[in-house]
Amino acid sequence: MDLNRIFMKNANPTKVGGQAILEGIMMRGARAMAIAIRLPNDDIHITVEPIKEAGAWKKIPIVRGVVAFISSLVMGTDVLTYSAEVLEEADKDNPAYQKDKVDIWIEEHFGEKAGMAIALVISVVLAIAMVVGIFILLPTVIMDLFKNAGINSPFVLNLIEGILRIIMFVIYVLLITLMPEIKRTFEYHGAEHKTIHCYENGLELTPENAQTFYTLHPRCGTSFLMFVMIISLLVFSFFGWPNLIVRVVSRLLLIPVIAGISYELLQFTGRHNSGFVKACSLPGISLQLITTKEPSLKQLEVAIAATKQVLPSHEDPNVEVNYWVGVQKPDGTLIKDEEATNAYIARKNKK
């Protein structure tokens, strides 16, 4: 792994970033978000929407990290849900198509509008509960076994807990890569990073140009998660080793602080390429070797389709951003769909 190909000296770091979704990519610029999804007929379904200007919280260190983390989690879950809806709609002509029974039950009992909101809330709550329960609370509960084995040093106990948390997380990521759907998502994750590298290095956005770059990027959310793991180890060490209840409560209360610090560190490392920055980023970059895979040229086409829709407003504050939904044909032609656009706006208004 050549770090000089990740922290590129002549690259121009930007705030363009994204997320891999089902058969596609979500990209965000300064004022626009674009979602690109590869359909079964080879068209690329594209959705563009304006992004609201950030509030005063954006200027407050630590706080902005907490808000960004929560909003990214909510938006990311919603975008994943939307990609599933688009693919489900495209697959309705398939004789084997069946609507999810849980979705049917929610819509029958709460209606479509409330059902969408409920499904989103449940997804976010479950995601937070899983992350907090498995990777924050479970390790500290397990550590009582080490305490009973005669290890009494608070520093050593916190160190072992932090290492255990990281090992559990890495094992979890390795296990989910065995799922074909996750492997494809990680390929799109690689396509996202290659495309951003291509843009930040000033090259024309083509699949062939993007393919020459690494799938690893210093501003990746995977690196953020690794920062959280490492910083939590350091922060928790300051509080000694109280009883289990106090440890659990303190860890829950400190999660926002740790997320805020991790966000600031991620932003700093994304703008610099010194030896210190590379050393700090190495754990997260190494984890990206698992969470990103080499994409195909067709997957890069999807990432580029999304990126091109956010760049005009990102580069020029005078460019107006409007909602629109349509498809990009295999020859690159964009066809906007007014009915689909109105349906998407209605979907947004239901939340």
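Where does helix 9 bend, and which proline follows within four residues? In this predicted model, helix 9 bends by about 25 degrees at Gln309. The proline that follows within four residues is Pro312.

Helix 9 covers residues 297-315. At 1.5 Å a residue, its 19 residues should span 27 Å. The C-alpha atoms at its ends lie 26 Å apart, which agrees with that expectation. Gln309, the site of the bend, is among the buried residues of helix 9. Also buried in helix 9 are Gln299, Leu300, Val302, Ala303, Ile304, Ala305, Ala306 and Thr307. Val310, Leu311 and Ser313 complete the buried set.

Helix 1 (residues 63-90) and helix 10 (residues 338-349) cross. Their axes come within 13 Å. The crossing angle is roughly 140 degrees. Helix 1 and helix 10 are therefore oblique to each other, since only angles over 145 degrees count as roughly antiparallel. The crossing of helix 1 and helix 10 is right-handed.

Val235 sits in helix 6, which runs over residues 221-237. Its relative accessible area is 15%. Val235 is therefore buried, the cut-off being under 20%. Val257 is 22 residues from Val235 along the chain. The C-alpha atoms of Val235 and Val257 are separated by 9.3 Å.

The mean pLDDT is 84, and 88% of the residues reach 70 or more. Where pLDDT is low, predicted coordinates should not be read in detail.

Note on methods
Residues are numbered from 1 along each chain as its sequence is written. This is a predicted model: local features need pLDDT of at least 70, side-chain atom pairs count only at pLDDT 80 or more; totals for chains, interfaces and linings use all residues. Side-chain values use heavy atoms; hydrogens and water are left out. pLDDT is the predictor's confidence in each residue, from 0 to 100. Helices (H or I, at least four residues) and strands (E, at least two) are DSSP runs, numbered from the N terminus. The expected span of a helix is 1.5 Å times one less than its number of residues. The bend at a residue is the angle between axes fitted to the seven residues ending there and the seven starting there. Buried means under 20% relative accessible area, exposed over 50%, partly exposed in between (1.4 Å probe, protein chains only). Axes are lines fitted to C-alpha atoms, for helices over the stretch in contact, and angles run from 0 to 180 degrees between N-to-C directions. Angles under 35 degrees count as roughly parallel, over 145 as roughly antiparallel, 65 to 115 as roughly perpendicular and the rest as oblique. A crossing is left-handed if the near helix is turned anticlockwise from the far one by less than a right angle, and right-handed if clockwise.
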